[in-house]
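Please read them with the structure open.

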Amino acid sequence: MALTLLFVILFGLLIAGAPVAVALGVSSLIFIMLDGLPNVIVLHNMVNGINSFPLIAVPFFIMAGHLMNSAGITAKIFAFARATVGWMYGGLGHVNVGASVIFAGMSGAAVADAGGLGNIEIKAMREAGYDTDFSVGITAASSTIGPIIPPSLPLVVYGVIADTSIGQLFAAGLIPGLLMALSLMLMVAVYAKFRDYPRDERFSFGLFFSTLWSAILPLFTPIIIVGGILTGIFTPTEAAIAAVAYSLFLGLFVYRTLNPKRILRVSMDTVETTASIMMIVAASSIFAWILTANQVAQSFAVALLGFTDNPVAILLIIMLIVLVVGCFMETLAAITILTPVLLPIAMQIGVDPVHFGIILILNLMIGLLTPPVGLVLYVLAKVSEVPFERCVIATAPFLVPLVTVLMMLTFIPALSMWLPNAIYR
């Protein structure tokens with residue numbers, strides 16, 4: 001009865017519009033009080049939930065992304081991507097995807113991609129005569145690459161909750177991220193053929209090398225981060241610190257676009273974003289403890305395995321659950337709630353925790369493109385000055401390649417597991 005009340009209060013508060021951290025914390029506190037447990041359990045689990053060395057990477061990766069945006073580095077990335085793939089038919093659509101792949105290796109957040117590159121990309125596509133719906137749709141879809149290609153904030157949080165190597169998760173995300181980019185570029189090619197979208201400009205070695213030279217130092221950011229982790233020079237947490245130091249170096253001494261006022265604003269934005277993430281992680285730690293103590297995951301596993309013992313069917317059911325939850329819940333909150341429940345089931349049918357992390361995050365990224373809680377759509381609606389409802393319709397066709405890649409990753413584990421197996425195992 002108390003567990004039923006726990007979920008009723010949780011979803012009631014979420015529907016009422018309460019912040020996720022508040023909904024998790026209040027529902028958990030009421031359960032603990034009704035169960036006669038000491039209230040100190042709440043504080044104990046909240047502190048333990050955020051007392052984790054890997055979580056230190058979260059504010060640093062957030063700050064690195066903000067610094068890149070504030071220093072004007074996103075414009076250099078876009079110019080380089082334009083010179084590299086703009087010669088294809090539907091050129092600026094391909095540029096959109098290419099720029100997101102590059103920026104993914106710097107920020108690791110879909111909303112940062114949509115907010116930082118989105119404004120530049122949509123403006124350029126409009127000026128070149130591309131349909132607004134196409135411009136918004138491909139910008140939204142390509143932003144989801146960020147949390148898959150390392151570094152990735154969602155993968156850091158998942159790794160902490162699932163007690164899984166973040167280095168292996170980062171390695172596992174590289175090929176899936178590139179597959180997402182390829183599938184979206186194929187979609188752009190289809191649009192270009194049927195809508196007769198032009199090439200942006202003919203390929204020029206002079207332009208390519210000039211934009212490469214302008215963007216060469218920012219392009220070293222993902223090399224420093226990913227290369228340092230994969231070679232064992234530093235941990236993911238230390239890599240995040242290195243990313244901030246390198247971003248400051250570029251903004252202060254190379255491009256000289258940062259000043260104390262901008263750094264202060266970036267710091268305050270980082271503090272605000274980090275605080276909201278940590279509150280969710282802390283509150284979800286109480287919730288996860290309750291689920292574990294009451295063997296909710298085991299009960300759910302028994303029920304699901306009693307319904308079917310077919311691994312394919314179980315995986316499809318899990319993916320459907322995640323997809324539905326992702327439509328209604330913020331990504332990090334969904335990770336913290338779903339992981340303790342669904343990961344044990346996935347492991348029982350032979351799914352590696354690293355593999356499960358990749359398909360879980362990609363599934364939730366699709367949720368960022370679906371109403372009612374599609375954060376990327378809200379950001380782009382503001383950036384592009386297009387109504388939210390129109391953004392939803394514009395993005396819908398681009399869900400097809402993303403869902404196709406999700407199915408491929410789900411049932412072909414080697415696509416995500418080959419690289420971590422080759423490096424770490």
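**Notes on the predicted model**

1. Start with aspartate 133. Its relative accessible area is 29%, so aspartate 133 counts as partly exposed. The model is predicted. Aspartate 133 forms a salt bridge with arginine 390. The closest N and O atoms of the two are 2.7 Å apart. Arginine 390 is also partly exposed, at 39% relative accessibility.

2. Where do aspartate 133 and arginine 390 lie? Aspartate 133 is in helix α9, and arginine 390 is in helix α20, residues 388-395. The pair therefore ties together parts that are 257 residues apart in sequence.

3. How many salt bridges does a search of the whole structure find? The count is two. Besides the pair in point 1, aspartate 131 forms a salt bridge with arginine 195. Here the closest N and O atoms are 2.9 Å apart. Aspartate 131 sits in the loop between α8 (118-127) and α9 (132-143). Arginine 195 belongs to helix α11, residues 166-195. This pair links distant parts of the chain, 64 residues apart.

4. Aspartate 131 has 34% relative accessibility and counts as partly exposed. Arginine 195 has a relative accessible area of 37% and is partly exposed. As background, side chains of opposite charge can pair when their charged atoms come close.

5. Now the overall fold. The protein has 22 helices and zero strands. The C-alpha trace spans about 70 × 50 × 45 Å along its principal axes. The radius of gyration is 21 Å. A compact globule of 425 residues would have a value near 22 Å, so the two agree.

6. Packing and contacts come next. Buried residues make up 54% of the 425 residues. Take the contacts with a separation of 6 or more: residues 24 or more positions apart account for 79% of them.

7. The largest nonpolar core has 135 residues. Those with the most contacts inside it are Phe134, Tyr158, Ile318 and Phe356. Helix α11 gives the most to this core, with 13 residues. Look at isoleucine 318 in detail. Leaving aside neighbours within four places in sequence, isoleucine 318 is in contact with Leu304, Leu342, Ile345, Ala346 and Phe356.

8. Tyrosine 246 is buried, with a relative accessible area of 14%. What does tyrosine 246 touch, not counting residues up to four places away in sequence? The list is Leu217, Phe220, Thr221 and Ile224. Phenylalanine 205 is 41 residues from tyrosine 246 in sequence, and the two are 28 Å apart in space, C-alpha to C-alpha.

9. Last, the surface. The protein exposes about 17600 Å², and carbon and sulfur atoms supply 71% of it. Which residues make a nonpolar surface patch of about 390 Å²? They are Val312, Leu316, Met408, Phe411 and Ile412. Helices α16 (311-328) and α21 (399-411) each supply at least two residues of the patch. Leucine 316 lies in helix α16. Leucine 316 is partly exposed, with a relative accessible area of 40%.

How values were computed
Residues numbered from 1 in each chain as written. Predicted model: local features only at pLDDT ≥ 70, side-chain atom pairs only at ≥ 80, totals over all residues. Heavy atoms only, no water. Salt bridge = Lys/Arg side-chain N within 4 Å of Asp/Glu carboxyl O. Helix = DSSP H or I, 4+ residues; strand = E, 2+ residues; numbered from the N terminus. Buried < 20%, exposed > 50% of the residue type's maximum accessible area, 1.4 Å probe, protein only. Contact = heavy atoms within 4.5 Å. Core = buried A, V, L, I, M, F, W, Y, C linked by side-chain atoms within 4.5 Å. Rg over C-alpha atoms; globule rule 2.2 N^0.38 Å. Areas by Shrake-Rupley, 256 points an atom, 1.4 Å probe, with all protein chains shown as cover. Patch = residues over 30% accessible without salt bridge, like charges linked within 9 Å, V, L, I, M, F, W, Y side chains within 5 Å.
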